[in-house]
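The following exercises are to be worked with the sequence and the three-dimensional structure at hand. Each task is followed by a solution in steps.

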Amino acid sequence: MITEFAQGSTILVDKPLKWTSFDAVNKLRWHLRQKLGVKKLKVGHAGTLDPLATGLLVICIGKHTKLIEGLTSDSKTYTGTFLLGKTTPSYDLETQYNSDKDTSGITSEQLEEVRLSFLGVQQQVPPLFSAKQIDGKRAYDYARAGIEKELKANTIEIMDFQIDTARFPEIDFEISCSKGTYIRSIAHDFGQKLGCGATLIALRRTKSGIYDINDSKSVEEWITFIEEQPL
């Protein structure tokens, strides 16, 4: 019954491209409120996905919102693509390319050496185009205003990092990492180490802790589920 579902449940959503995580939460919360005929209902997500990323969004409803802090701390797995030789200020396709360098001299040995260098515990500087707080404002507010700000490095861990160079200079990857890891920064730093630059051009979250994208539903599928449930 939908009342039991709303009292406490955790659902897995496949977030579509260009939606914010809040868009998905807000859409599902609205439909749940309409179905239940209530004005208030706690709904939240356990780990933000950028609008240009797709994939697994863990959403907690009702009493399960108390689990969010713990779920956010879980490790994550992502797949996606870096484009070598081009960079953007945001490290992804939110902004326009601002450099273009030759990649023809890069060897498979160099790529493997760089890949291995990312494994383990390390310090990572988040992108300025991020939601990190600086002096009470989001970092991206400064970035979009063209204001340079320095972000502090965070301690992260890369547990696994695999690359596929079959479509070079596009590099397909799968990466398992600790919470707080910015894959855009991985792309940027990967390109920096090769001396050619790189941009994240595709990103999909496939795992979050014990949860897997294969067990998720689209937003529309969840809406249909909500509407079909008895009160």
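Helices (H or I, at least four residues) and strands (E, at least two) are DSSP runs, numbered from the N terminus. This is a predicted model, in which local features need pLDDT of at least 70, side-chain atom pairs count only at pLDDT 80 or more, and totals for chains, interfaces and linings use all residues. Residues are numbered from 1 along each chain as its sequence is written, and side-chain values use heavy atoms, with hydrogens and water left out.

**Exercise 1. Backbone angles**

Task: Locate Y91 and K18, and state for each whether the residue is buried or exposed.

Solution. 
Step 1. Recall that most residues other than glycine have a negative phi, and most peptide bonds are trans.
Step 2. Y91 is found in the loop between β5 (86–87) and β6 (99–100). Its phi is positive, about 70°, although Y91 is not a glycine.
Step 3. Apply the cut-offs: buried means under 20% relative accessible area, exposed over 50%, and partly exposed in between (1.4 Å probe, protein chains only). Y91 has a relative accessible area of 17% and is therefore buried.
Step 4. K18 occupies the loop between β1 (8–15) and α2 (21–36). K18 is not a glycine, yet it has a positive phi of about 75°. With a relative accessibility of 65%, K18 counts as exposed.

Task: Which peptide bond is cis, with omega near 10°?

Solution. 
Step 1. The bond runs from F168 to P169.
Step 2. P169 belongs to the loop between β10 (154–164) and β11 (170–177).

**Exercise 2. Cysteines**

Solution. 
Step 1. A disulfide is a covalent bond between the sulfur atoms of two cysteines.
Step 2. C60 is buried, its relative accessible area being 0%. C196 is also buried, at 3%.

**Exercise 3. A residue in a strand**

Task: Describe the surroundings of S208.

Solution. 
Step 1. S208 is part of strand β12 (residues 198–208).
Step 2. A relative accessible area of 2% makes S208 buried.
Step 3. Contact means heavy atoms within 4.5 Å. Neighbours within four places in sequence aside, S208 is in contact with L56, V58, L71, D74, S75 and K76.

**Exercise 4. The whole protein**

Task: What overall dimensions does the protein have, and what radius of gyration?

Solution. 
Step 1. Along the principal axes, the C-alpha atoms fill a box of roughly 65 × 40 × 30 Å.
Step 2. The radius of gyration is taken over C-alpha atoms, and the globule rule is 2.2 Å times the number of residues to the power 0.38. For 231 residues, a compact globule would have a value near 17 Å; the protein has 19 Å, which agrees.
Step 3. The secondary structure comes to seven helices and 13 strands, and 45% of the 231 residues count as buried.
Step 4. Among contacts between residues at least 6 apart in sequence, 71% join residues at least 24 apart.
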